[in-house]
2 protein chains.
Amino acid sequence: MFEINDNYLKLPGSYLFSTIGKKVNAFTQANPDKPIIRLGIGDVTLPLCPKVIEALHSAVDEMADASTFKGYAPDLGYEFLRSAIANQDYRARGVEIEIDEIFISDGAKSDSGNIGDIFSVNNKIAVCDPVYPVYVDTNAMSGRTGEYMAKEERWSNVIYMPCLEENNFAPKLPSETPDMIYLCFPNNPTGSTISKEELQKWVDFANEKGAVIIYDAAYEAYISQENVPHSIYECQGAKTCAIELRSFSKNAGFTGTRLGFTVIPKELKSGDVALNSLWARRHGTKFNGAPYIIQKAGEAVYTEEGQAQVKEQVAYYMNNAKVIREGLADAGFRVSGGVDAPYIWLKTPDNMTSWEFFDYLLERANVVGTPGSGFGPSGEGYFRLTAFGTYENTLAAIERIKNIK
Amino acid sequence: MFEINDNYLKLPGSYLFSTIGKKVNAFTQANPDKPIIRLGIGDVTLPLCPKVIEALHSAVDEMADASTFKGYAPDLGYEFLRSAIANQDYRARGVEIEIDEIFISDGAKSDSGNIGDIFSVNNKIAVCDPVYPVYVDTNAMSGRTGEYMAKEERWSNVIYMPCLEENNFAPKLPSETPDMIYLCFPNNPTGSTISKEELQKWVDFANEKGAVIIYDAAYEAYISQENVPHSIYECQGAKTCAIELRSFSKNAGFTGTRLGFTVIPKELKSGDVALNSLWARRHGTKFNGAPYIIQKAGEAVYTEEGQAQVKEQVAYYMNNAKVIREGLADAGFRVSGGVDAPYIWLKTPDNMTSWEFFDYLLERANVVGTPGSGFGPSGEGYFRLTAFGTYENTLAAIERIKNIK
């Protein structure tokens, strides 16, 4: 008689964004005359830039002709894309990453979930609180998190690192020693960042304790300040302790196009075993490459024109972030983030819970955001708005919110 | 101190096709004047059909315009594609599959590896021998296969079902009771199929024993004979015991375009728990959908024009299969497969091992095939050729092989 993986049964409720989707659908059905503005899920609204569109069309044409048709891709991804990444994301910042340390994938969400496969289920994880739910849920699915304690809204075998206002929403080094540390900077959901010196402390801590850092840099394109690292490998010694996840979703609008990559330096080892070779084995056995035409689209992002065009998109969203941040501050909200990140993190007014404020905003302003508590107990009393809407909708949403204040 | 998943260390050697790639590269470097014909890896050579190309261009244009741009896809896949599948792959064969029983993915390789996530590591698997290596390797990675016994080339905790000549290369019901049974028909690598009545016996066996069948139907488009089932759900009672995997790689040439789907009927349960909901949770947490433009390409396969065009491609490859099968039979080889499948399975001559014959064919005919022993010990003494080359190359390869005989 087959048995299921009963770790799945321990998972509480359903996935945050599904719940929001259901609430919004119910509202829209009951109020068809009230147009909703969505600043909730971190999905982009600008179309793919012209250079990417051109590359897609051209790659589609290649697939139409036997002499240029592409079948199975190389396991790690096409070299043209891995070379562009090595040169422009790393070498240009003074970091040497070899192309066989780069693994092309269908996105950072898959990678951040799948990376757990190569680690023991006995490892203890440390996560920020609040946190992107995928890190915790995927570890729960593989049995690494202990039991779920519904009252505390926490797992028994996870080290939570509260990210609170007094610390600029950045975590402190934990007193208990973790085996795997999930960090995401610029942060989702709080929009916070840390300086290179602060990140260096994490690298040193990990190397000292023999921990591995899973560093999610999906939002690096939004960094505007000097001295905020774009890659963890800008820190000394990071190659012996860190895996970096990158995405094309937010820097180039690939949320529905799907492309990402993971960097695993060969120096990162457990005893004699290089994690690079374990991930190569997983990649070659459980994955068959991102589509050729999508990898060509990714390559286009790295061209001169492509870079100019995607930077324009990032600037557009960061202008939205400014509108939200300044508009809400004017209206008396306590806001953070939105400077090096497309997320604005705000304190709910009048001691409302995050979900109370979600309902309040939905009903009174017809604006959808994301309840901070959905990202962990320390997110309670906070709320996330994203800068990924259109400029017009973002302006309108802030006006609506100001008017209910 | 973090630990790795040491199940990975138990995996023998490297992945079959990587080894072949290395041998072929070494040969080509040493013999740049000898052009290789590849009938080894099951990769297609015909370009995508015109209707699919048209859909891709059109979807790319949608991504270029804010009013039609698509961000994150629905977790399970777009309804337009799931509806087409439900209607044409299932309803047209008298099988009712609901659209929320269909999960769109980036391909059957990912799905066949990832499906293990929702099952207990204590389950005992049964696989055909020879077998597509991904089923076994991914179970080994999750710790379900026991220890690897190098001498026997088998895992200690796997039920192997030999597929031998005397049984037309189909497995017999195992005497030991498995929890999970991997079946693939039309079969990779042997090219064998079984009748609906024979498949019904497996369904009845699984229902009686409480086992689940992972049914890989990636090659169903190649079925030419009546009474060979295209879907396991054509059998009575399959919905309570079977998961079906499908691919666009071989029926529509999507090996480098990446699209597939998994069907999990809601009736398939462990106690009260529907596997459909577990997979939905995994899909929503560890995956972010196949690209919109690729899903539109998949939809085009189901149009009337698309169907006519992909059927022409399948006919082209099946003509190659005939050329190989009949040519080798004429030359005195013992061959099977190639009637309902794009694979021809041949007995190596003169008691050569599979790898000896691989080297012999590479050196003497400059033709690349796949050693049967790479698919399991019962594949020793056999060799796989694929019909996915061009017609011209296929003809030339068979001539070359005939000439060394």
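Which side chain is joined to that of Asn5(A) by a polar contact of 3.0 Å? The partner is the side chain of Asn7(A), where a polar contact is a pair of N or O atoms within 3.5 Å, one of which, within protein, must be able to donate a hydrogen and the other to accept it, with residues adjacent in sequence counting only if both atoms are side-chain atoms. This is a predicted model, in which local features need pLDDT of at least 70 and side-chain atom pairs count only at pLDDT 80 or more, while totals for chains, interfaces and linings use all residues. Residues are numbered from 1 along each chain as its sequence is written, chains are lettered from A and ligands numbered from 1 in the order in which they are written, and side-chain values use heavy atoms, with hydrogens and water left out.

- Asn5(A) is placed in the segment before α1 (7-10) of chain A, where helices (H or I, at least four residues) and strands (E, at least two) are DSSP runs numbered from the N terminus.
- With 11% relative accessibility, Asn5(A) counts as buried, a word that means under 20% relative accessible area, while exposed means over 50% and partly exposed lies in between (1.4 Å probe, protein chains only).
- Leaving aside neighbours within four places in sequence, Asn5(A) is in contact with Met141(A) and also with Asp117(B), Ile118(B), Phe119(B) and Ser120(B), contact meaning heavy atoms within 4.5 Å.

**Where chain A and chain B meet**

- Chain A gives 78 residues to the contact, and chain B gives 78 residues.
- The two chains bury about 6600 Å² between them, with 59% of it on carbon and sulfur atoms; buried area is the accessible area (1.4 Å probe) that two parts lose on being put together, summed over both.
- Phe2(B), Tyr72(B) and Arg281(B) supply 13% of the area that chain B buries against chain A, which is more than any other three residues.
- Between the chains there are 2 salt bridges, a salt bridge being a side-chain nitrogen of Lys or Arg within 4 Å of a carboxyl oxygen of Asp or Glu.
- Arg281(A) and Asp137(B) meet through their side chains in a salt bridge with an N to O distance of 3.6 Å.
- The count of residue pairs in polar contact between chain B and chain A is 30, with both residues at pLDDT 80 or more.
- Several elements give two or more residues to the side of chain B that touches chain A, among them α3 (50-63), α6 (133-141) and α9 (292-301) of chain B, while the largest share, 7 residues, comes from α8(B).

**Strands and their pairing**

- Strand β8 (residues 212-216) of chain B has 5 of its 5 residues buried, so it is largely enclosed by the rest of the structure.
- On one side of β8(B) lie Val212(B), Ile214(B) and Asp216(B), and on the other Ile213(B) and Tyr215(B), all of them buried.
- Strand β7 (residues 180-184) of chain B pairs with β8(B) in the parallel sense over 5 bridges, and two strands pair if DSSP finds at least two bridges between them.
- Within this pairing, Ile181(B) has Ile213(B) in β8(B) as its bridge partner.
- In chain A, strand β2 (residues 102-105) is joined to strand β10 (residues 260-263) by 4 bridges, and the two run antiparallel, with Phe103(A) standing opposite Thr262(A) in β10(A).

**Salt bridges within a chain**

- Over all chains, the count comes to 40 salt bridges.
- Lys296(A) forms a salt bridge with Glu299(A), their closest N and O atoms being 2.9 Å apart, and both residues lie in helix α9 (residues 292-301) of chain A, 3 residues apart, about one turn of the helix.
- Lys296(A) is buried, at a relative accessible area of 18%, whereas Glu299(A), at 25%, counts as partly exposed.
- The side chains of Asp117(B) and Lys286(B) meet in a salt bridge of 2.9 Å, N to O, which links distant parts of the chain, 169 residues apart.
- Asp117(B) counts as buried at 16% relative accessibility, and Lys286(B) counts as buried at 5%.
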